Amino acid sequence: MLKKNDEKINGFLFVIVLPLLLFAMSYYGFESSYTRLKTSERPPDFLFSSVYAYRVIPNYLSVQMTDLVYYSINGPFSFFKDFLTKNGTPFYHGLFLMNSFFFVLCSVLLNKILQFKAAFSSVDIRRIVHLMSIFFIVITQYAPTNCDTIALFCYLSGVFLTLKYLHEQKKQYYYILIVLIVVSTFVRETACLNIAFFAAVFFNLKDLEQRKYQSVLKIIPLIIAFLIPYLGLRKFITLEEATFVEGFYIDRNFSSPFNLAGLIFAIVVLYFIYRLCIDKENRLIFQKYIFFSLPYLIMITLVGLFWEVRLFLPLILTGIIIAFHHLKQLQRFS
C-alpha cells in the first residue's frame, strides 16, 4: 500500500508538478526579446486579421481566458492585482494559464504513450525519456503562441489513438481519430501530421505491389477529415487581411544565422533520435514518418522560420515515441 502511494505521489510530482514549474519558469523566469505578447493587454489584432484567423479555437479561448483573468484580478483575486500587473497583462496571464493546462495534458499523454507497449521495462528510463520530451517542449516557449500547445495536445492524442488502433484493432479508435483531425484542424495545421504518423505505421509498399489497397483506403478518410475544415475555413473567413500564410521566408531561412542554427538544431536532434532506434522496424517507421511529413516540412521552409524550432516539435516528440515503442510485431508493414 505504501509503495503504491509512493508511486502515485512520485508520478504526480514528475508528470504534473515538475513540468508545470518548468513551464512557469519559461514564461515568467526568462525574458525574451523575440515576442512582445507580454505587453499586450488584449489578444493582438493580428490573431484575427492574418493567417492566425484560421485558428479559430485558440483565438476563442484566448478571448475567454483574457476576460476571465481580467475579471479575477479586478474581483475575487484583487489582492493579487499588483503582483500580476508587474509580471504581465491579463492576456499574457490568460495565455499562460491556457497553455499550462494543455501542457500538463501533453505531459500526461506522453506518460501514457511511453507506458503503452514500451520497448523498455525500467521506470527510470521512461522517466528520463519523459523528462527529455518535456524539456524539448519547454525550451521552445521563447516564442509562445496561443495555438501550439493546444495543437500539440491534439496531435499527441492522435498518436495515442493510432497506437491503440494498431495494437488493439478496435475501430472506435479509428473513428475517434477522424473526428479529432477535424477538430484539431480548427486549432492549427499540425493536424496533417496525424495523417503522416498513421500512414507511417500502416502504409506498406509491398501491399501496393500485390494490389492490396487496405492501407491506402484507411488513410483517405483522414485526408478528407483534414481537407474539409481546412478548405472550409479558407472559404468562409474572407477578411482581406487574412491570407493562407503569414509571409514567404525561404530566403531568410537560408541567409540568417539564427534560422540556419534552428535548422541545424532540428537536423541534429532528429538524427540523434533516429540513432536511438535500435530495431530496424522502428527505423523504418521513423523514415516513413519523415517522408510523409515532407509537405509539412516544405511549408515550414517556405512560410515558417527555422529559428522557431517549436515548428519541429511534433516531429521530435514523434521520433522519441517511435524510438522507444515496441514495434517488432510490425514486420508485416515493412
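Visitor: Where in the chain is the place of glutamate 189?
Guide: This is a predicted model in which local features need pLDDT of at least 70 and side-chain atom pairs count only at pLDDT 80 or more, while totals for chains, interfaces and linings use all residues. Residues are numbered from 1 along each chain as its sequence is written, and side-chain values use heavy atoms, with hydrogens and water left out. Helices (H or I, at least four residues) and strands (E, at least two) are DSSP runs, numbered from the N terminus, and in these terms glutamate 189 has its place in the loop between α8 and α9.

Visitor: Does glutamate 189 count as buried or exposed?
Guide: The classes rest on relative accessible area, where buried means under 20%, exposed means over 50% and partly exposed lies in between (1.4 Å probe, protein chains only). Because the relative accessibility of glutamate 189 is 18%, this residue counts as buried.

Visitor: Over the face of which residue does arginine 234 lie at 4.0 Å from the ring centre?
Guide: A charge sits over a ring if NZ of Lys or CZ of Arg is within 6 Å of the ring centre and within 35 degrees of the ring normal. The charged end of arginine 234 sits over the ring of tyrosine 54, 4.1 Å from its centre. At 4.0 Å from the ring centre, arginine 234 also lies over the face of tyrosine 230.

Visitor: What angle lies between the planes of phenylalanine 116 and phenylalanine 160?
Guide: Rings of Phe, Tyr and Trp (its six-membered ring) pair if their centres lie within 6.5 Å, with planes under 30 degrees apart counted as stacked, over 60 as edge-to-face and the rest as tilted; by this rule the count comes to 26 aromatic pairs. Phenylalanine 116 and phenylalanine 160 form one that is edge-to-face, at 6.2 Å centre to centre, and the planes stand at 65°.

Visitor: Which helix holds phenylalanine 160?
Guide: The pair links distant parts of the chain, 44 residues apart, with phenylalanine 116 in the loop between α5 (90-115) and α6 (123-139). Phenylalanine 116 is buried, at 14% relative accessible area, whereas phenylalanine 160 is partly exposed, at 21%. The helix that holds phenylalanine 160 (residues 148-168) is α7.

Visitor: Which element of the chain has the highest mean pLDDT?
Guide: pLDDT is the predictor's confidence in each residue, from 0 to 100, and the mean for the chain is 87, with 92% of its residues at 70 or more. Over residues 241-245 pLDDT stays under 50, and where pLDDT is low, the predicted coordinates should not be read in detail. Among the elements, helix α10 (residues 205-209) has the lowest mean, 74, and the highest, 97, belongs to helix α8.

Note on methods: Contact = heavy atoms within 4.5 Å.
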